Amino acid sequence: MLKITPYIEIDGIRTFTDAFIRDVYSRIVDDNLESIVFSDGNIKTPSDFLAFMKYGPNYLFIIETESGVAAILWLNRILDRTCYAHFCGFQSSWGKGSVDIGQFAMRHVFGVKDDKGDFCFETVLGLIPSWNTVGIGWLKKVGLVEAGKIPNALWSATLNKSTEGVLMYLTRDILEEV
């Protein structure tokens, strides 16, 4: 059983409480993922994460299995029918089944429609630090394709300098073949 729920406001009420969203960040920290997921160092506290997801131009999705929250996905930098996707799988979802979770999330993204019934997205992009070989390998298993490496594309707060990023993409057509 996989379930994906957007973090949105419906009639003035959010689908998740502020405390729940702050707890999601605390889980990122508990799993020692904050320096990977937020390598630029801009998100440092649960309140930073809440503001980033609640007020920033980000669209957060919570992905659950029978065991609870397995991962989060957020979209931003939307232009025409292209967006950037950011993924964080929690340690409890690593290994067997993690690729299924990623593909489930991507199918959801490609299934989102606008008010006219047209698909919102045709291409999903990801820009990931080149040192994150585990993440790159996982994204390739999900179906993303490596477009190339971009020097100085990402900021590393740990290194206090710009680092190389790997640009990856996924289209509806590619996902259908996976």
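Reader: Which backbone oxygen does the side chain of Arg14 reach?

Author: In this predicted model, the side chain of Arg14 reaches the backbone oxygen of Lys54, at 3.3 Å. A polar contact needs N or O atoms within 3.5 Å, so this pair meets the distance limit.

Reader: How far apart are Arg14 and Lys54 in sequence and in space?

Author: They are 40 residues apart in sequence, and their C-alpha atoms are 9.4 Å apart. Arg14 itself lies in strand β3. Beyond its neighbours within four places in sequence, Arg14 touches Tyr7, Ile8, Glu9 and Lys54.

Reader: Why is Arg14 called partly exposed?

Author: Its relative accessible area is 24%. Buried means under 20% and exposed means over 50%, so Arg14 falls in between.

Reader: What makes the pair Lys54 and Asp18 a salt bridge?

Author: The closest N and O atoms of Lys54 and Asp18 are 2.9 Å apart. The cut-off is 4 Å, so the pair qualifies. Lys54 belongs to helix α3 and Asp18 to helix α1, so the bridge ties together parts that are 36 residues apart in sequence. Asp18 is partly exposed, at 27% relative accessibility.

Reader: How do you know that the length of helix α1 agrees with what its residues should span?

Author: Helix α1 has 13 residues, and at 1.5 Å a residue they should span 18 Å. The end C-alpha atoms of α1 are 18 Å apart, so the two values agree.

Reader: Which residues of α1 are buried, and what puts them on the same side?

Author: Ile21, Val24, Tyr25 and Ile28 are buried. They cover an arc of only 90° around the axis, which puts them on the same side of α1. As a rule, an α-helix has 3.6 residues a turn, so residues three or four places apart point the same way. The face of α1 turned away from the buried side carries the exposed residues Asp23 and Asp30. Among the elements covering the buried residues are α2, α3 and β4.

Technical notes. Residues numbered from 1 in each chain as written. Predicted model: local features only at pLDDT ≥ 70, side-chain atom pairs only at ≥ 80, totals over all residues. Heavy atoms only, no water. Helix = DSSP H or I, 4+ residues; strand = E, 2+ residues; numbered from the N terminus. Buried < 20%, exposed > 50% of the residue type's maximum accessible area, 1.4 Å probe, protein only. Contact = heavy atoms within 4.5 Å. Polar contact = N/O pair within 3.5 Å; in protein donor to acceptor, adjacent residues only side chain to side chain. Expected span 1.5 Å × (residues − 1). Arc of directions from axis to C-beta. Salt bridge = Lys/Arg side-chain N within 4 Å of Asp/Glu carboxyl O.
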